[in-house]
Amino acid sequence: MTDLPIAAAEEAVAATATHGNRRTAPFIPLPLTAARATTLAGAVITIASTFMSWTYTTDFPGDLTVSGYPGGLQIMTLIGAILTGVVALGTFGLTGLRWLTPSRTNNGVLLLALATLGTTWYTVIDIAAKLGGLANLDPGGFVAFIGALVLFAGALALPLDRHPEEPADAEYYELGRAEGISAVVRGYAWLREARLHHSELRVPDARKLNRWLQRLVIVVVYALGLKILTFGLATDYSDIFIGYLIVLAVGVWGLSAGGLLKQFQQLTQHNKKFSSTVGVLTAIAYPFAQNNELWANLGASVLIVGTVALGLNIVVGLTGLLDLGYVAFLGVGAYTAALVSGSPFSIWSGTQFPFWAAALAGMGAACVFGVLIGAPTLRLRGDYLAIVTLGFGEIFRIIVRNLDGVSGPKVTNGPNGIAQIPDLSIFGYNLGDTHSVGSFTLGRFANYYLLMLVITIIVVLVFTRAADSRIGRSWIAIREDETAATAMGINGFRVKLVAFALGASLAGLAGTVFAHVTNSVVPDPYVFSGSVPPNSAFLLAAVVLGGMGTVSGPILGAALLYVIPQKLSFLSQYELFAFGIALILIMRFRPEGIIPNRRRQLEFHEDETPAPGNRPMGDDTVPATTAGA
Amino acid sequence: MRHRSLLILTSVLATGALTLTACGSRSDDSKKGGDNSSGGSKTTVVIGVDAPLTGANSATGLGIQYGVQIAVDDANAKNLVPGVTFKVKALDDKAQPATGQTNATALVQESDVIAAVGPLNSGVAQSMQQVFESAKMVEISPSNTNPALTQGKDWATGTKTRPFTTYFRTATTDANQGNFAADYAVNTLKKKSAFVVDDKQTYGAGLAGIFQGKFKSLGGKIAGTDHVNTGDTDFSALVTKIKNSHADMVYYGGQYDESELVTKQLKAAGVHIPLMGGDGMYSDTYIKTAGQAAEGDLATSVGVPVETLPAAKTFIDTYKSKGYPGDYGTYGGYSYDAATAIIKAVKTVMDANGGKLPSDARAKLVDAVQKTDFDGIAGHVSFDQYGDTTNKQLTVYQVKGGKWTAVKTGVYNG
Amino acid sequence: MHTLPQQLANGLFLGSMYGLIAIGYTMVYGIVQLINFAHGEIFMTGAFGALAVYTNLPSSMSIWAALPLMLVGGAIVSVLIAVGAERFAYRPLRNAPRLAPLITAIGLSLALQQAVFNWYPHATAGKHFPQLPGGPFHIGSVDVQSGDLFLLGAAIVCMIALGVFVRSSRTGRAMQATAQDPDTAKLMGVDTNRIIIIAFAIGGLFAAVAGVAYGLKYGQVKYDIGFQAGLKAFTAAVLGGIGNIYGAMLGGLVLGIAEACATAYIANVPGMEQFGGGAWAQVWAFVLLIVVLLVRPQGLLGERVADRA
Amino acid sequence: MTTTIPQQPTPADAAAGGTLLQARGVIMRFGGLTAVRNVDLTVNSGEIVGLIGPNGAGKTTFFNCLTGLYVPTEGTVSYRGTVLPPKPHLVTKAGIARTFQNIRLFANMTVLENVLVGRHTRTREGLFSAIVRGPGFHKAERASRERAMELLAFTGLADKAEHLARNLPYGEQRKLEIARALASEPGLLLLDEPTAGMNPQETRATEELVFAIRDQGIAVLVIEHDMRFIFNLCDRVAVLVQGEKLVEGTSEVVQNDERVIAAYLGEPFEGAPADEDGTPAATADDASTTSEQENDR
């Protein structure tokens with residue numbers, strides 16, 4: 001992988017070059033050598049600054065007063081600066097480091113520099129703002145401030161791959177009225193042109209590496225990922241977490257711009273079985289890597305909402321049906337499990353199903369409700385499903401509240417819910433107790449985390465296997481073009497119903513664990529939107545943010561949406577607001593989500609990548625619903 | 001060769017990252033050490049608070065947080081427990097059980113948290129009880145009213161069993177309030193026929209159920225019952241039903257959000273009968289929104305009127321002067337008392353251990369809290385064998401001239 | 001059953017509010033096939049806009065003098081938000097897959113609700129809204145509040161005005177044409193963007209009227225009233241036949257009356273004693289929706305039209 | 001797990017020359033206007049039948065009646081002697097496959113996946129089988145893939161199997177639509193303007209492809225504007241004007257029929273087949289029905 005022969009873009013890249021549909025040019029005109037020197041100098045200054053004191057009081061989170069070694073947010077700056085420096089050296093051609101930028105573009109360096117700049121400036125500004133004025137900064141803070149700026153400026157002076165200039169007559173419909181003002185249009189065109197371009201990365205094939213080395217890389221990357229994750233969870237203060245997020249998000253973006261991520265993808269694709277095994281092992285290692293029940297609780301919660309989101313992804317991402325009451329199916333599963341859990345508050349308090357039976361019961365009940373809701377509506381126009389599921393999600397809570405023997409038959413114990421749900425015991429292993437495994441201890445939530453991991457793996461398997469099969473293809477076909485799909489012999493109604501019922505069942509399955517983890521089920525959490533997951537809007541957002549139609553997307557989306565508010569407690573009041581705005585922005589600017597599905601990405605950016613061949617328009621058909629109903 | 005350089009670099013990066021993270025924790029440790037040295041020999045003991053601090057219930061939740069805060073400040077100022085500085089760690093449960101549970105886990109996880117006050121909602125408490133029980137950590141709720149939380153599921157039939165030994169509450173259960181209200185309605189107001197409405201929430205449904213039972217047993221007639229959903233605003237159909245039932249009073253189990261609209265629409269339709277409720281509607285907001293329509297409406301609340309207790313007055317003055325957000329009126333006093341109970345128990349435990357905090361302080365605290373006995377700002381504080389408050393002091397308030405006025409104070413001995 | 005006239009009246013008032021909001025849904029859906037999920041919040045912001053005007057008027061001003069100003073204030077807020085949403089959130093997504101604008105709409109709905117919750121002064125709890133004096137009036141055995149009369153009057157005036165506008169004005173006809181077939185309408189020289197904007201604006205206007213009427217009727221507005229009202233109104237639009245403006249009003253009335261009657265009478269049905277009352281009213285409204293979709297999927301007044309998927 | 005092994009219609013079927021499709025007295029009314037009036041049409045095994053007519057003659061509406069997208073107001077359509085159910089997926093299952101005038105591929109699926117979707121009716125594996133992945137599943141999936149690759153080879157798309165359908169050039173998208181239709185193993189293939197927008201070479205290639213399909217024993221019914229294409233290709237041609245069948249017969253008969261010439265001369269757009277396709281989706285239909293309505297008066 002290191003220094004494999006690179007066809008294009010070597011040392012001789014001129015200051016400005018245009019090839020293919022991208023343009024390579026610096027933003028700041030500087031000789032190449034000067035630009036490189038500036039970048040490296042900036043990195044060195046920044047690194048050095050982290051060993052100095054940035055502020056003189058310990059009031060700022062993480063204690064940045066110590067000279068000699070970095071602490072708190074300084075670590076973020078340090079990691080950012082080292083990464084930028086090392087990657088820059090590789091990009092500049094230093095033998096032995098070249099593998100860090102397989103694509104040989106400077107974009108990665110720029111983004112890493114941006115990460116460093118972001119976290120450093122955030123820290124410095126945060127110190128000044130929190131402690132009240134620039135006076136609180138020690139010289140080290142100023143050095144860091146300048147160093148990061150130098151680093152970023154240096155990176156801007158490197159030749160960067162950018163978007164081609166748009167033709168002069170391009171339309172900017174998003175400008176609206178302002179489209180008439182030429183200055184605005186020019187400015188906007190310049191901005192658009194300034195966008196970095198790294199969609200067509202040409203990287204050397206990582207699969208040529210030695211097989212064992214490939215596997216080693218995979219193990220190391222996963223282990224590093226786990227370490228980074230636990231590090232982030234362990235941050236004590238919102239401030240440090242924000243710095244961490246900046247470095248992580250922009251840094252990963254930078255590494256992917258450099259091509260490393262693509263190579264890693266090649267590796268995991270090439271060693272599918274191995275990498276998924278390592279992935280599972282890493283996930284198992286999570287509760288062992290730290291002895292902290294809070295994180296295990298977090299992990300279990302993330303897995304629950306992630307799994308439910310993945311189930312929703314079958315309905316929304318694969319089949320293209322909008323289910324706005326999905327959380328109700330989770331509720332059906334949870335209530336079913338609670339009823340057969342042996343809780344004294346259950347109407348069948350004597351009955352205690354073994355877990356497998358309870359899980360099946362939960363799935364079954366959710367499936368029945370899925371069919372009951374889906375059957376009347378899935379024959380109709382797609383939009384009707386949205387309103388009916390939304391209504392169902394609302395009345396589920398109301399019905400459950402009413403079934404208390406006062407305003408309805410006694411089933412769910414009404415608003416009090418079913419409390420004191422006993423912990424699960426699987427093969428004599430009581431999940432409520434603390435167990436010792438070797439030198440590790442597994443607390444209650446760690447146990448549930450591991451159980452939930454098994455469920456997640458099952459759901460992932462169901463998702464991937466179903467997606468890549470006759471039924472999965474018919475779901476996607478329905479999503480793509482329902483009329484054509486029915487003309488291919490697909491019974492749209494039946495196939496959609498299967499997807500809907502399967503989605504409901506998977507939510508029900510997760511619900512059974514949810515009931516046991518929280519010890520009680522009550523009606524209140526099953527709402528359309530609320531500040532706390534799981535709620536239908538949260539699940540939908542997790543799917544959308546992560547990437548519709550993908551496996552890892554919803555889980556990642558759920559994790560982000562779950563963990564970030566936990567860490568940024570000062571945001572909590574504005575959480576839902578931010579949530580709404582995020583949905584709008586994602587749909588507008590990155591509808592394919594963080595992890596784009598190859599198909600989706602193309603579909604959403606239709607305007608930008610015109611399909612070859614002019615397809616004549618003209619509709620000659622009406623859809624099946626008209627004739628079929 | 002090239003492969004080797006890759007290997008080396010990867011491992012360098014990995015170890016680099018690991019070392020750095022180690023650095024991170026080291027600097028944090030040193031910070032803690034610094035705190036201790038600067039604070040002399042004082043131990044810091046943290047009291048956790050769990051309540052909804054954001055969202056729709058935040059006003060009440062913040063009242064709990066700052067009620068505890070004032071108790072802690074008082075204790076620190078008076079040096080109630082020598083050698084100990086108390087601190088508050090407040091977590092936001094957003095009125096959601098799962099979040100409450102996460103918060104409980106977080107509080108348990110932190111070694112300097114000794115006990116917790118909260119939560120606001122009974123539904124949230126159910127998910128937290130087990131966590132605190134496993135950790136042998138005291139939890140005192142200032143507001144949970146569901147009797148099953150302390151007395152087990154069969155409390156209504158008289159077979160009471162305590163499910164969790166670490167759970168206490170300074171709020172009285174629905175049972176006392178509902179019975180007291182029914183007693184007042186029949187015997188003092190001489191009401192014959194009541195229409196009972198509730199909002200299908202733990203608190204409201206429980207209260208309405210108990211009122212209904214007592215009212216009937218005292219010889220009153222239940223003219224009708226109905227249930228509403230929280231968030232409903234149109235009660236015209238309900239009002240028509242009430243009007244048609246010819247009831248001479250309405251009992252509403254629930255919060256003021258709905259009851260203020262009910263009473264308004266009721267009076268607008270020309271049905272001039274009083275609406276009575278529990279402490280969930282004993283709030284100035286009720287009067288503000290319902291306006292003239294609220295006149296004559298009644299609410300029960302636990303404890304004696306605050307004006308009669310100097311301690312309570314000081315509490316309210318402090319709350320106001322500090323400019324704390326939230327609503328101290330409903331549960332602030334109980335929160336203060338709950339925190340004080342914990343603080344006093346810490347003192348007991350430390351006194352028994354030679355003035356030092358024992359290593360199993362949390363577990364020892366459970367016994368100490370159980371034996372709590374002092375006069376708080378909302379009445380006498382002590383706990384019975386179920387963890388319920390023994391304070392059965394209740395007051396009936398009536399809206400007179402746009403203000404809640406105490407009309408009867410008494411003890412319910414049901 | 002002697003309360004029936006009163007309960008019908010209760011349903012009628014509630015229903016005309018649903019209907020007023022439903023018109024916004026149905027017009028937008030008819031033209032761009034978009035469930036403008038944020039419409040409930042547009043209704044809510046209309047009410048708050050009117051409230052903001054009222055709070056800033058001198059307190060000596062009578063409610064009757066303030067009312068027109070409040071209507072204007074609410075309308076400005078609602079229409080601006082509705083049109084802004086169209087312009088900046090929905091229009092860029094017009095050619096995107098169907099889910100994209102829907103999800104945007106959900107995001108917008110959350111954002112608007114939370115914006116009011118967080119930034120409108122003291123809006124975390126219910127806000128007091130002025131009410132019309134007078135009443136109740138007795139019409140036969142029916143008691144009517146002045147707020148109800150305003151609501152009913154507003155609904156009738158709005159419906160007639162809209163009917164005249166759609167039937168007789170050039171823009172109105174263009175609107176109908178666009179609703180029936182946007183592509184052909186475009187070919188015929190109709191500026192569809194303008195038509196869409198107008199549809200959003202009218203929807204916003206009616207939502208504002210409904211918002212003011214809501215405030216006058218209940219004397220209180222809250223940041224979360226939009227969700228429930230929006231859900232009900234959308235149900236009403238579907239019941240009446242989505243895309244049909246008269247259907248929206250009819251659907252609203254049917255839904256309102258169904259809820260009132262469910263609250264009042266279901267419990268009298270033998271065997272259903274436990275399923276009556278306010279707690280079940282929403283459930284029955286939902287059952288009604290499902291039944292209508294099963295029996296008459298195109299809605300009460302809807303025509304069977306092709307799905308332009 | 002039972003698996004339907006893809007079967008080619010045997011040449012014996014084709015040779016029999018029996019009636020495959022029979023439409024009798026098909027009438028299609030939309031509200032007050034009649035788009036198709038009393039049309040009879042028969043397609044026999046092994047035949048290529050053309051359906052022509054000026055713009056708005058109701059060809060596509062008639063097509064939609066045949067494939068179950070519309071339920072004819074009156075009349076019946078039967079296939080191999082059985083009346084077809086008015087559901088598109090059941091029509092496909094019975095053995096009639098179609099393409100669309102405006103290409104309706106599953107744009108974001110790969111070429112191979114598109115064809116695999118076409119195999120839907122000829123395979124059985126349900127959800128459970130897909131999740132368990134027993135031997136039966138793998139066998140069926142492999143067979144499907146083999147058959148799909150054969151079809152791609154047949155249409156000359158084999159080397160593009162892993163491309164996204166949307167990235168194919170126009171002509172190949174048309175071919176893919178045909179391959180996808182063939183994947184459902186039809187006895188009768190309905191082609192809706194298969195050469196619209198094609199250049200002469202592509203048209204030639206399509207012509208050959210249609211012959212090759214016929215040689216496999218599949219009857220073809222084709223709607224087309226390009227007269228030359230139709231007359232070269234078809235054994236029999238039916239002319240639809242204003243919803244009515246004007247004439248039916250061999251190419252020569254139709255070519256020399258005066259009424260046909262008159263009908264076409266009165267139609268200014270004839271001769272520019274691709275032009276009309278510029279009109280968007282629903283318009284084509286509505287415009288056609290509107291013009292008919294005017295003609296009715």
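Confidence in chain B of this predicted model averages a pLDDT of 84. A pLDDT of 70 or more is reached by 90% of the residues of chain B. Where pLDDT is low, the predicted coordinates should not be read in detail.

Contact between them draws on 16 residues from domain 1 of chain B and 12 residues from domain 2 of chain B. On the domain 1 side, helix 4 (122-135) and helix 12 (328-352) of chain B each supply at least two residues. Helix 12 of chain B gives the most to that side, with three residues. By class, the side of domain 1 of chain B that touches domain 2 of chain B has 11 polar, four nonpolar and one charged residues.

Chain B also holds an open sheet of five strands. The strand order is 2-1-3-4-5, and the pairing is parallel. Strand 2 (84-92) and strand 5 (167-169) of chain B stand at the edges. Each has a single partner strand, so one side of each is left without a neighbour in the sheet. Neighbouring strands of the sheet are turned against each other by 25° on average, direction ignored. Strand 1 (residues 43-51) of chain B runs parallel to strand 2 of chain B, and nine bridges join the two. Within this pair, B:T43 stands opposite B:V84 of strand 2.

Two helices of chain B that pack on the sheet are described next. Helix 2 (residues 58-78) of chain B touches strand 1, strand 2 and strand 3 (113-117) of chain B. The direction of helix 2 makes about 175° with that of strand 2 of chain B. Helix 3 (residues 97-109) of chain B likewise touches strand 1, strand 2 and strand 3 of chain B. For helix 3, the angle of about 175° is made with the direction of strand 1 of chain B.

In chain A, domain 1 covers 19-199 and domain 2 covers 292-527. Their centres, taken over C-alpha atoms, are separated by 44 Å. Helix 18 of chain A spans residues 536-546. Of its 11 residues, 11 are buried, so helix 18 of chain A is largely enclosed by the rest of the structure. The buried residues of helix 18 include A:F538, A:L539, A:L540, A:V543, A:V544 and A:L545. Also among them are A:S536 and A:G546. Within chain A, the buried residues of helix 18 pack against helix 10 (293-318), helix 11 (327-339), helix 13 (382-402), helix 19 (552-567) and helix 20 (575-589). They also pack against helix 4 (99-119) of chain C. Just after helix 18 of chain A, A:G547 takes a positive phi of about 135°.

Chain D has 297 residues, and buried residues make up 52% of them. Its secondary structure comes to 12 helices and 10 strands. Among contacts in chain D with a separation of 6 or more, 71% are accounted for by residues 24 or more positions apart.

Terms used
Residues are numbered from 1 along each chain as its sequence is written. Chains are lettered from A and ligands numbered from 1 in the order in which they are written. This is a predicted model: local features need pLDDT of at least 70, side-chain atom pairs count only at pLDDT 80 or more; totals for chains, interfaces and linings use all residues. Domain bounds come from an automatic or database domain assignment. pLDDT is the predictor's confidence in each residue, from 0 to 100. Two residues are in contact if their C-beta atoms, placed from the backbone, lie within 7 Å. Helices (H or I, at least four residues) and strands (E, at least two) are DSSP runs, numbered from the N terminus. Ala, Val, Leu, Ile, Met, Phe, Trp, Tyr, Cys and Pro count as nonpolar, Asp, Glu, Lys and Arg as charged, and the others, Gly among them, as polar. A residue is buried if 20 or more other C-beta atoms lie within 10 Å of its own, exposed if 12 or fewer, and partly exposed in between; C-beta atoms are placed from the backbone. Two strands pair if DSSP finds at least two bridges between them. Axes are lines fitted to C-alpha atoms, for helices over the stretch in contact, and angles run from 0 to 180 degrees between N-to-C directions.
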